[in-house]
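User: Please take a close look at the side-chain contacts in this model, salt bridges and then aromatic pairs. Which residues are joined, and how buried are they?

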Amino acid sequence: MNRNVLSRRVLAGVALAALALTGCGSSDNDSDTPAAAGSSGGEYASLSGELKASGASFPDAYYQEVITSFKDVAPDVTVNYNATGSGTGKKQFGENLVDFAGSDSLVKDSDGVAAGSFLYVPTVAAPITVSYNLQGVDKLQLSPETLAKIFQTDIKTWNDPAIAADNPGVTLPNTPITVAHRSDGSGTTNNFTKYLEAAAPGVWKLGTGDTVAWPSNTQGGEKNTGVAQIVKQANGGIGYVDLSDAKASQLTFAAIKNKDGQYVVPSLEGTTAGLEGAEIKEDLSYNPLNAAGAASYPITAPTYILVKTKYDDAKKAELVKGFVKYILTDGQELAEEVDFAPLPTSLKDKALAQLDKIQG
């Protein structure tokens, strides 16, 4: 568990214990004290049952923190989220094997989810880092055109003139480049390739999607953690990894040239700047990739929970609505602790309104 989150929970527990002891020695009516009413926890305490979910590994660190926190306010609810990747999550959701799914990419006809049977609920956003492992180089800048050429293996060594042009004054070795990518169907892949298509038009030739036809001389890893592991083990390695997993793996990441011509390192501040420039569609899908703004980190990715418009079991519908509401309210306070950006208030309010459409 994230140490900051753990410390906050320990302090909260101490505070609650102190309040409880104070209450025992007081003659005041307990119902008159704020402690008796509690926070929003009372809203969820009556819920019980189990929720099964699968999908994107990109937001997994955040969802696991929320699940742990939710247990404090809804002790009779068990939530299991299996980070299978967005592609598998959408497939299992369409086959009714899970109650909701996590996805960083939008649903396509080929995903097996019936049109009109689901809703997008945005939850958080985060940067996709371009993480690398190159001995002697602790700072790196990459333009989108150079990045595209690296990942489709047009550029094969680190001292290539295109990389050197992005990094004046930096001594680059002739180390071979090892490109790491996702081997599973992934919304992270979808967003990364969508970024390259938008930011390097005419240069990027591999298309976009949860999977793409990577060159045979690249290496595939399962989930963000698998890509991180390849990068960490290979001198000369480079891959795309969410910020939370990149930091957990102690990877170094490059500054990426944004639409305004500024090289920006991945950060929550850069993510928030990217969100502010994104256009939100009626179904609440949105695209913050390659957003304008000098401070915007250009590879900023959204993530969603897919919920059903109608559940056969009313109790299940109540559970889903309760848990997702918690993500969008109290759970937003956990986001930055695990390197995710909370939603802007305007988008969060629209996401909460989606829950009113769930029937059961």
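Analyst: Arg182 and Asp184 form a salt bridge through their side chains, at 2.8 Å from N to O. The term means a side-chain nitrogen of Lys or Arg within 4 Å of a carboxyl oxygen of Asp or Glu. Both Arg182 and Asp184 are buried (under 20% relative accessible area; exposed is over 50%, partly exposed in between; 1.4 Å probe, protein chains only).

The model is predicted, so local features need pLDDT of at least 70 and side-chain atom pairs pLDDT 80 or more, while totals for chains, interfaces and linings use all residues. Numbering runs from 1 along each chain as its sequence is written, and side-chain values use heavy atoms, without hydrogens or water.

The salt-bridge count is 7. Glu43 and Lys325 make one of them, at 2.5 Å from N to O. Glu43 sits in the loop between helix 2 (34–37) and strand 1 (49–55), and Lys325 in helix 11 (residues 314–328), so the bridge ties parts 282 residues apart in sequence. Helices (H or I, at least four residues) and strands (E, at least two) are DSSP runs, numbered from the N terminus. Glu43 is partly exposed, at 42% relative accessible area. Lys325 is also partly exposed, at 31%.

Helix 11 also carries Lys316. Its side chain meets that of Asp99 in a salt bridge of 3.5 Å, N to O. Asp99 lies in the loop between helix 4 (86–94) and strand 3 (100–103), 217 residues from Lys316. Asp99 is buried, at 12% relative accessibility.

Now the rings. An aromatic pair is described by the distance of the centres and the angle of the planes. Rings of Phe, Tyr and Trp (its six-membered ring) pair if their centres lie within 6.5 Å; planes under 30 degrees apart are stacked, over 60 edge-to-face, the rest tilted. The structure holds 19 such pairs.

Tyr44 and Tyr326 pair edge-to-face, 5.5 Å centre to centre with 90° between the planes. Tyr44 is in the loop between helix 2 and strand 1, Tyr326 in helix 11, 282 residues apart. Both Tyr44 and Tyr326 are buried.

Phe151 and Phe192 are edge-to-face too, at 4.9 Å and 65°. This pair links helix 5 (residues 144–151), which holds Phe151, to helix 7 (residues 187–199), which holds Phe192, across 41 residues. Phe151 is buried at 0% relative accessible area. Phe192 is buried, with 0% relative accessibility.

Finally, ring pairs link Tyr44, Phe70, Phe100, Phe323 and Tyr326 into a cluster.
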